[in-house]
Amino acid sequence: CVECGIIGSDLDAELKKYNVCTGHEPDSIEFSTLGGWISTRASGMKKNYYGNIEDIVVNMKVVTPMGTFEKNGNWPRISNGPDLFHMFLGSEGLFGVITEAVVKLKNYAEARIFDSIIFPDFEHGLNFMRTLVKKRVYPASVRLVDSLQFRFAIAFSSSPEGKK
């Protein structure tokens, strides 16, 4: 069970000590909280492998004006009717404040490879993305950006290459 005020990068650092992770890495990981991810139904960069936040959250505690709401069991979704937690996912605090959550954990990846491929034009990049789907190759994260977006990202990079 994790308190939802934890900042994403702090959660990731704590879990890394145990060689596990949630795999949820939104662009705002160093500024956003677990509760914020749930209340905005956030999507992370590695959703292809780990899923979005609704796929990662197993249970949560929500404090509402009417009292505290949480599941008393973890039943299969089809055996007990609607899952009321879906009304809290993405509600942005409208129905209550999410204070605690139980999340799925996965072993930290044995290998983490970060790389880029530069295509002669956007169309070639689009064809590459289509080929990935056709061949059912699903990297944890893959993005297609145009030249302007790429140059903008490099300008704000924390690596020495981006500081030139």
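Analyst: A cavity is a set of points on a 1 Å grid over the protein atoms alone where a 1.4 Å probe fits but cannot get out, and its lining residues have an atom within 4 Å of a point. Points are joined across faces, edges and corners, and the volume is the space filled by probe spheres set on them. This is a predicted model, in which local features need pLDDT of at least 70 and side-chain atom pairs count only at pLDDT 80 or more, while totals for chains, interfaces and linings use all residues. Residues are numbered from 1 along each chain as its sequence is written, and side-chain values use heavy atoms, without hydrogens or water.

The structure holds one cavity of 30 Å³ or more, and the volume of the largest cavity is about 40 Å³. Around this space stand Gly 8, Leu 11 and Asp 12, then Cys 21, Thr 22, Gly 23 and His 24, and finally Ile 29 and Trp 37. Helix α1, which spans residues 8-16, gives the most to that lining, with three residues (helices, H or I of at least four residues, and strands, E of at least two, are DSSP runs numbered from the N terminus).

Trp 37, which lines the cavity, also belongs to the largest nonpolar core, a group of 21 residues in which Leu 34, Trp 37, Ile 38, Met 60 and Ala 101 have the most contacts. Such a core joins buried Ala, Val, Leu, Ile, Met, Phe, Trp, Tyr and Cys residues through side-chain atoms within 4.5 Å. At least two residues of this core come from each of α1, α2 (34-39), α4 (53-56), β3 (57-64), α5 (85-88) and β5 (97-103).

Leaving aside residues up to four places away in sequence, Leu 34 touches Val 2, Glu 3, Cys 4, Ile 6, Ile 53, Ala 101 and Val 103, where contact means heavy atoms within 4.5 Å.

Val 103, one of the residues that Leu 34 touches, is found in strand β5, and it counts as buried because its relative accessibility is 12% (buried is under 20%, exposed over 50%, partly exposed in between, with a 1.4 Å probe and protein chains only). With residues up to four places away in sequence again not counted, Val 103 touches Thr 22, Leu 34, Ile 56, Val 57 and Val 58, and Thr 22 is also among the residues lining the cavity. Although Val 103 and Ile 53 are 50 residues apart along the chain, their C-alpha atoms are separated by 9.0 Å.

Conventions: 1 Å grid on protein atoms, 1.4 Å probe; cavity = no way out; pocket = protein on both sides within 12 Å on 5 of 7 lines; lining within 4 Å.
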